[in-house]
Amino acid sequence: MGAVASSAGGARGGDGTVLGDLPENCVAEVLLRLDPLEICRMARLSRTFRGAASGDGVWESKLPRNYARLLAVAAAGDGEGGQAAASAPGAELLPKKELYARLCRRNRFDGGKKEFWLDKGGGGLCMSISSRALSITGIDDRRYWNFIPSDESRFRTVAYLSQIWWFEVRGEVEFFFPEGTYSLFYRIHLGRPFKRLGRRVYSSEHVHGWDMKPVRFQMSTSDGQHVQSKCYLSDPGIWINHHVGDFVVKDSSRPVNIRFAMIQIDCTHTKGGLCVDSVVVKPQHLSQKKAPWTYV
């Protein structure tokens, strides 16, 4: 990068031109073919590149087609008023670069129990749904479940299961997802993590029952997509994003309703010692390729 920047500023070709002599509209055509992080790096090369990298045409190409709806959700979550299905007030007056940066922030909605953001690298939409937004069987009985503080959760709270016979954690979200293929995960942890003398440790006191019967994971969408899987929970002491399945969004102008569930309702034995942090949705290309689970 240093050599490129140097050539932009002073090294001349055989005809006496430098990279900075390129017309701004030509530079913009180049930037259209780069991802957002690369555009920001190229803006450091020269004044011409910096000007082109701030142009609305460049950043509008990186925004999802339904960005006005996403801005409305972000504005409503900030308490600025407006409905999720409406356009964000005054959004069209802001530079597209600012709008992109706004959507790359973690935008809370639904009372702060859910959040979404654009991935800075590829621009795809990501979402996280707190355990407090999930329907958990027995959550009101402290003999079974408790919400405990955790600095390992972006929501600062996780649902901790001590022991239960009927395990069922369901959820639902309706959202204007941009077009693309998405993956859905449950973020879970066997054992109760905490800190001792400044070091991260975990307690396995209540961990039991997950090796006797597999947990069933399910997901369905309002346009008829369905997926399910089973696995035994293992690997205590680490947070795992369990891949439930993928779904495809073809029309960003219509909301997609997604229902998902994590179930183990064999009442022949109890199970416990599980933390449920959140449900995560992200573009398929960001999904991890390897998973340390035992499938059946």
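Rings of Phe, Tyr and Trp (its six-membered ring) pair if their centres lie within 6.5 Å; planes under 30 degrees apart count as stacked, over 60 as edge-to-face and the rest as tilted. The model is predicted, with local features requiring pLDDT of at least 70 and side-chain atom pairs pLDDT 80 or more, whereas totals for chains, interfaces and linings use all residues. Residues are numbered from 1 along each chain as its sequence is written, and side-chain values use heavy atoms, with hydrogens and water left out.

**View 1. Aromatic pairs at Phe175.** The structure holds 11 aromatic pairs. Phe109 and Phe175 form a tilted pair, 5.5 Å centre to centre with 35° between the planes. Because Phe109 lies in strand E1 and Phe175 in strand E7 (residues 167–175), this pair ties together parts that are 66 residues apart in sequence; strands (E, at least two residues) and helices (H or I, at least four) are DSSP runs, numbered from the N terminus. Phe109 is buried, at 12% relative accessible area, and Phe175 is buried at 4%; buried means under 20%, exposed over 50% and partly exposed in between (1.4 Å probe, protein chains only). The rings of Phe116 and Phe175 are also tilted, with centres 5.3 Å apart and planes at 55°. Phe116 belongs to strand E2, so its pair with Phe175 in strand E7 joins parts 59 residues apart in sequence. Ring pairs link Phe109, Phe116, Phe175, Phe177, Tyr182 and Phe247 into a cluster.

**View 2. The largest nonpolar core.** A nonpolar core is a set of buried Ala, Val, Leu, Ile, Met, Phe, Trp, Tyr and Cys residues joined through side-chain atoms within 4.5 Å. The largest has 61 residues, and Phe116, Phe177, Leu233 and Met262 have the most contacts inside it. This core lies between domain 1 (24–61) and domain 2 (126–286), because both give residues to it; the domain bounds come from an automatic or database domain assignment. Apart from it lies another core, of 5 residues, among them Ile148, Val158, Tyr160 and Cys275.

**View 3. The surroundings of His189.** His189 is found in strand E8 (residues 180–190) and counts as buried, at 0% relative accessibility. Its side chain reaches the backbone oxygen of Gly191 at 2.8 Å. A polar contact of 3.0 Å joins the side chains of His189 and Arg200; such a contact is a pair of N or O atoms within 3.5 Å, where within protein one must be able to donate a hydrogen and the other to accept it, and residues adjacent in sequence count only if both atoms are side-chain atoms.
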